[in-house]
Amino acid sequence: MKSHLIPAILLTICCNIFFSGIYTVAMLGVAQIAPNQGKGEIVTVNGKYYYENIAQKFTDDKYFWSRPSAVDYNAAGSGGSNKGPTNPDYLAQVQARIDTFLAHNPSVKKSEIPAELVTASGSGQDPNLSPQGAFVQVARIATARNISEEKITSLVNESIEKPLLGLFGTTKVNVLKLNIALDNLK
Amino acid sequence: MKRQRKTPLFQRDLVNEALKQSFIKLNPKILFRNPVMFTVEVGTVVMLAVCIWILMGERDQGSLAYNLSIFFILLITVLFANFAEALAEARGKAQADSLRKTREETPAKLLANGTVKTISSSQLTKGNIFICEAGDIIPSDGEIIEGIATIDESAITGESAPVIRESGGDKSSVTGGTKVLSDKIKVVVTTQPGESFLDKMIALVENASRQKTPNEISLTILLSGFTLIFIIVCATLQPFSLYAKTHIPVSAYVSLFVCLIPTTIGGLLSAIGIAGMDRALRANVIAKSGKSVETAGDLDTILLDKTGTITIGNRKATGFYPANGVNESAFIQNCLIASLADETPEGKSIVELANQKGTTIPVDFSKEKITLIKFTAETRSSGINLSDGTRIRKGAFDAIKKIAADAGNSFPKETEDRLKEISSNGGTPLVVSENERIIGVIELQDIIKPGIQERFQRLRKMGVKTVMVTGDNPLTAKYIAEKAGVDDFIAEAKPEDKMIYIRKEQQGGKLVAMMGDGTNDAPALAQADVGVAMNSGTAAAKEAGNMVDLDNDPTKLIEVVEIGKQLLMTRGTLTTFSIANDVAKYFAIVPALFITSIPALQSLNIMNLSNPQTAILSAVIFNAIIIPLLIPLALKGVAYRPIGASKLLRRNLLVYGLGGVAVPFVGIKLIDLIVSLFV
Amino acid sequence: MNTEIIGVISIYVLTLALAYLLGKYIAKVFSGEKTFLDPVLNPLDNLFFRISKIDPLSEMDWKESLVALLTVNIVWFLFGMLVMMNMGWLPLNPDENPSMPADQAFNTVVSFVSNTNLQHYSGETGVSYLGQLILQLFQFISAGAGMAAAAVVFNAMKERTADKLGNFYNYFIKSCTRILLPLSFIVAIILMFNGTPMTFLGKDQVITMQGDTMNVSRGPAAAMVAIKQLGTNGGGFYGANSSVPFENPNYFTNMIENISIDLIPIALVFALGFYLRRKKLAWMIFGVMTAGYLCLLIPTLSLEMGGNPMIAKMGIDQSSGSMEGKEIRFGPAASAFWAITTTVTSNGSVNSMHDSLTPLSGMFPMLGMQINALYGGVGVGFLNFYIFIIIAVFIAGLMVGRTPEFLGKKVEAKEMKIAMIIFLLHPLLILVFTGLASYIIHLHPEYPWLNNPGYHGFSEMLYEYTSSSANNGSGFEGLGDNTPWWNVTCGIVMLIARFLPIIGPVAIAGILAKKKYIPESSGTLRTDTASFGIMVFAVIVILVALSFFTALALGPLAEYLSM
């Protein structure tokens, strides 16, 4: 063991310099040509900027709501609810979300609510909804903003992001971008 | 013919003895050798304690009757396992005893300081010399140092034809218990009393003194590992059930544990090992260690002597081919008289063939006028000098060629062609000369044993390479090798060639077996991984080998290989069966444990067993009775089929693996139907 | 067909294609043949060797290889403890995160050194950027050490009788620089260009559209995320791992990250085939692993896409699948696919919360970890599989009537003993510690450990120790695990479960390598056939099922059946 101790220590130092240091610095270098120099993708609206991929909290009836977040949309402390599928407390919470949603969206039937609107995301920062998740909110927003439902529906339709190459994955909308577009309507 | 050594599996006196032994073997000190069954015994004791606890007023452990039933079933499980082992032992011992009977106390005529003193055979020690005359039973194993005798060895081999044993050479060994039929021999004792091969073999069929074989040790480790896993599984079930707020009685833990550990193979393991030795003994092979029988199953190469193994006895003369211009009947007559002085079987067969062709010894042939030249190994020829000065010689091709060449005579071309033709047909040519002039060729042929090709075919399918060892020239050897279907041959073999061949194979990582009888075979027998010495062979050969074949049957190696394979296969398949059984047992017991606290788990009760108690009882009963049900298989061994390893694996996986999963589902359900009538 | 299904099938097919090519390359690296990266990396490797005073050509036997491995790991452990317990005041800490207390540091360092990456901290608040960089170092070198151990075993499996099995350091450095590093470069760059941060800036504060103030954690994430996936580490930069939009921004990055999870483990199986020139053997191993993988994957996919029946009962449409703990951009199929991939490979990164999987699809990841050899962790996955092969060879060998042999070497008592100890270790650690934890919670139901009651709570404990013992690192994260009990016991489990299962197979392979090589005959049990594959599969299924049936029955099975 002794004869291996010196090489082990020297090797650890070498590796540390290389895999913690040089590799990281090289990546930082590459990041300078990446979108927003590797500081996270942002959208800028009227001099304000938002992180495009990070869900924001929307509680106002005139905005599309994001999915429920177990960490209250804290982007400095991600996390899910970690509730088990049969946990009675959890099921009660889901029921409460259903009730709240129905109260704010009286025209919506329960069976029309997509699952993602009553379940918390994994990161607590899910920026997306399924198209159905947006459509069920159209009536409420139309009422709150006093705009025709058709206009909002077409807005949602325009912002639908197809699966990757039209082949892989899910169809979705970005809530933040949708809400920005909503504010630009009028 | 061989004596039939078949005893019924459950012979009454053997069963009685085995029953008695089953109880004696309950002694934990004895049982400790078998970790799996030892833990079952511990479980049994725990159940006994629980029963006493209930008698003392404990209320949470279920009814006394139920706990007592579990206790008895576990006890019976251990007894069944002991019984299997004891029965195998009893059968082996019975077999050995019948051999041993032949060497009961017999008077021995001890020769000491020139006087003969009659003592009991048991008083003979190594190095003593005794005398046997016609009618005497030979008192001990030994080696003839003087004289020749015909001996009846039927007591050992079952072969009724008497054999000849004589001092010097390779047939000098005599076995205690055999009977001298004629003549008188002087014999030196070669073994200490109690140390003969038979004594060693008897030790191999007694579990107490039996050394575990390497594969058995590995398998015991595997089984102990499984036992440990289930100790962990059952022990951790306790805190799990606390969390689940379930009370599990002790009997359920013990039952679950006993059902899960591989009791089937654990209970039958030593019986299988003993039965393997027993099978060897029944084949009239005395193994000096269990390991050698196991090794036999792994053999890659076996060396077989041509003569007596592949071909019947010796070569025989099959044709006379006179040279051009030589009268055929005169030639035959010359062959005949040249062979008179050749007492080898080959020489005799020439006389025989000549007689068959109507040639006889000339009438004016009187012994005074002639000189017979005897056959010797040095000259490799025999012959005759007639009164008129004619010199006739018959012998090996090169010996006669030399005689002709020395006299300045050429070797006729057509004779040379004839020689080649005979050789390439597997024959051996002998050349005859008259006054140093070549007059023709005699053809000798080997007769290949009927059925030997099929046996070699079978060996090849097992993956065993056969090598023929012969003194013949390469051409002849090649022909016979091809005809008999052996894979390789050693031609013009000297004793050390076997040794060289064995070493070469072993360096390639192969396991090699050979059979031999002569003293000059001893080094090779010792070098071989499995060396089978013939009982008729010299003491040195028997000492060097690790098995002794009482039948002196050179094809015995083939049987030995199969016995070795059977032994391993029986262990493997029963291990698979035993472990596969656990699946059903889980489905029987786990739902039963949680019937009250987690009723949902009842969906796992796929056998639809009546209630928790019958479910557990059924599983435990099944676990117990499967042991005696498999005793016949354990003792007889799983049949080996030379169909290639992959096919064999598929077959055994299907039968014992899938079967092992399915059988207990049916068995436990049936037992449950019966048990639920009573509970 | 559904685009979600097409998505996961494409991920898998792409992984296999890339793994096959990578396998060829790895075989070349291990056998010291020329590769196209030599001009760049030869000088780098030589620099490492020169500074560390290592002669890469001096060969070691199996014992010395293990001594080298253990020594270097001890150094890593001490170094890691030093950093974790002092990073609060050390540089590169813009968010002013604190140093770790001893128990948490022990857990974290063991976790990363052992390639587990069980995280009892949250990346945003629990470590400084310096801490993250050191963890990133461990993600490289622990993976490299695992691959080096596999290389030693590969070498020992050659057809010959040998004592010397190559130089451990040489395998180690080459695994790091020639396999992990180039791949990490590629993956990290892809991630950066899709929005994963790579910066030393601290938290950013933004005002939301509704006017709330929110903090957004950033950091040098892309570099770490790449190696966390490729080295089957799994320790994410952010708390919620690859479900966080910054860590895994879109479906494309999800594909790339998911491919990275099992790319090297599968490639190593192919590498074995190329290295030993026994392609059929590699296909047999791959076949068994894949069969097991699919047995876990297909039901999980179907269950997760089918949704949570309890919520369906409330009248909510579950056609979009079970969405609790999942992200819209991945959907239930890609989440279930990831859950199984990450658990069979001992990676442990997550893109959805396993605690919220439906009961049975929570069980399949556990089974994946309990087997821990279906592809498995880089290097160590194959080592675990090797143990199953040895056990299967033994039983199957007996069944065909020969002393068991593996690749021409007889398997005897000593090897069986080691194999059984290593096999026993996994159920022992998982069951005994879960038992202890169950007992404690039985005595102290007030402890705030379990995030869910009943069977699911039991599953949380079972999952935690299963994950620790499998060196996986994923969790039923509801478990309140940052307590001395969980930090210390999980640390111990990870430590034992990392090193013994490396020592065991290396020792067996080393002992076998020294034995005489026996050429095959028609009586030899061939290990590269489908029949033997079925045997190995049966051994794995039966042994694992028998070991864990009771525990699974009381956790996920009971929860499922009571639903």
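Analyst: In this predicted model, α18(C) bends by about 60 degrees at C:Leu552.

User: How many Å does helix α18 of chain C span between its end C-alpha atoms?

Analyst: The helix runs over residues 530–561 of chain C. At 1.5 Å a residue, a straight helix of 32 residues would span 46 Å. The end C-alpha atoms of α18 of chain C, however, span only 35 Å.

User: Is α18(C) mostly covered or mostly uncovered, and how many of its residues are buried?

Analyst: A residue counts as buried if 20 or more other C-beta atoms lie within 10 Å of its own. By that cut-off α18(C) is mostly covered. The number of buried residues, out of 32, is 25.

User: What distance separates the end C-alpha atoms of α23(B), and where does this helix bend?

Analyst: The 34 residues of α23(B) should span 50 Å at 1.5 Å a residue. The end C-alpha atoms of α23(B) are 48 Å apart, which agrees with that expectation.

User: Is chain B more spread out or less spread out than a compact globule, and what is its radius of gyration?

Analyst: Chain B contains 23 helices and 21 strands. For its 679 residues the globule rule gives 26 Å, and the radius of gyration lies well over that value, so chain B is more spread out than a compact globule. Along the principal axes, its C-alpha atoms fill a box of roughly 120 × 60 × 40 Å. The radius of gyration of chain B is 34 Å.

User: What percentage of contacts in chain B, between residues at least 6 apart in sequence, join residues at least 24 apart?

Analyst: Of the 679 residues of chain B, 52% count as buried. Among contacts between residues at least 6 apart in sequence, the share that joins residues at least 24 apart is 70%.

User: Is B:Arg165 buried or exposed?

Analyst: B:Arg165 is found in strand β5 of chain B, residues 163–166. Beyond its neighbours within four places in sequence, B:Arg165 is in contact with several residues, including B:Ala149, B:Ile151 and B:Val174. B:Ile151 is 14 residues away from B:Arg165 in sequence, yet their C-alpha atoms are 7.0 Å apart. Because B:Arg165 has 26 C-beta neighbours inside 10 Å, it counts as buried.

User: Which pair of chains shares the most contacts?

Analyst: Chain A and chain B do not touch, and their nearest C-alpha atoms are 14 Å apart. There are 2 pairs of chains in contact. Of these, the pair that shares the most contacts is chains A and C.

User: Which helix gives the most to the side of chain A that touches chain C?

Analyst: In this contact, 83 residues of chain A meet 97 residues of chain C. The elements of chain A that each supply at least two residues are α1, β2, α2 and β3. By class, the side of chain A that touches chain C has 41 nonpolar, 32 polar and 10 charged residues. With 20 residues, the element that gives the most is α1(A).

User: Which element supplies the largest share of the side of chain B that touches chain C?

Analyst: The contact takes 58 residues from chain B and 55 residues from chain C. Several helices of chain B each supply at least two residues, among them α15, α20 and α23. The residues on this side of chain B divide into 32 nonpolar, 18 polar and 8 charged. The largest share, 17 residues, comes from α7(B).

Technical notes
Residues are numbered from 1 along each chain as its sequence is written. Chains are lettered from A and ligands numbered from 1 in the order in which they are written. This is a predicted model: local features need pLDDT of at least 70, side-chain atom pairs count only at pLDDT 80 or more; totals for chains, interfaces and linings use all residues. Two residues are in contact if their C-beta atoms, placed from the backbone, lie within 7 Å. Helices (H or I, at least four residues) and strands (E, at least two) are DSSP runs, numbered from the N terminus. Ala, Val, Leu, Ile, Met, Phe, Trp, Tyr, Cys and Pro count as nonpolar, Asp, Glu, Lys and Arg as charged, and the others, Gly among them, as polar. The radius of gyration is taken over C-alpha atoms; the globule rule is 2.2 Å times the number of residues to the power 0.38. A residue is buried if 20 or more other C-beta atoms lie within 10 Å of its own, exposed if 12 or fewer, and partly exposed in between; C-beta atoms are placed from the backbone. The expected span of a helix is 1.5 Å times one less than its number of residues. The bend at a residue is the angle between axes fitted to the seven residues ending there and the seven starting there.
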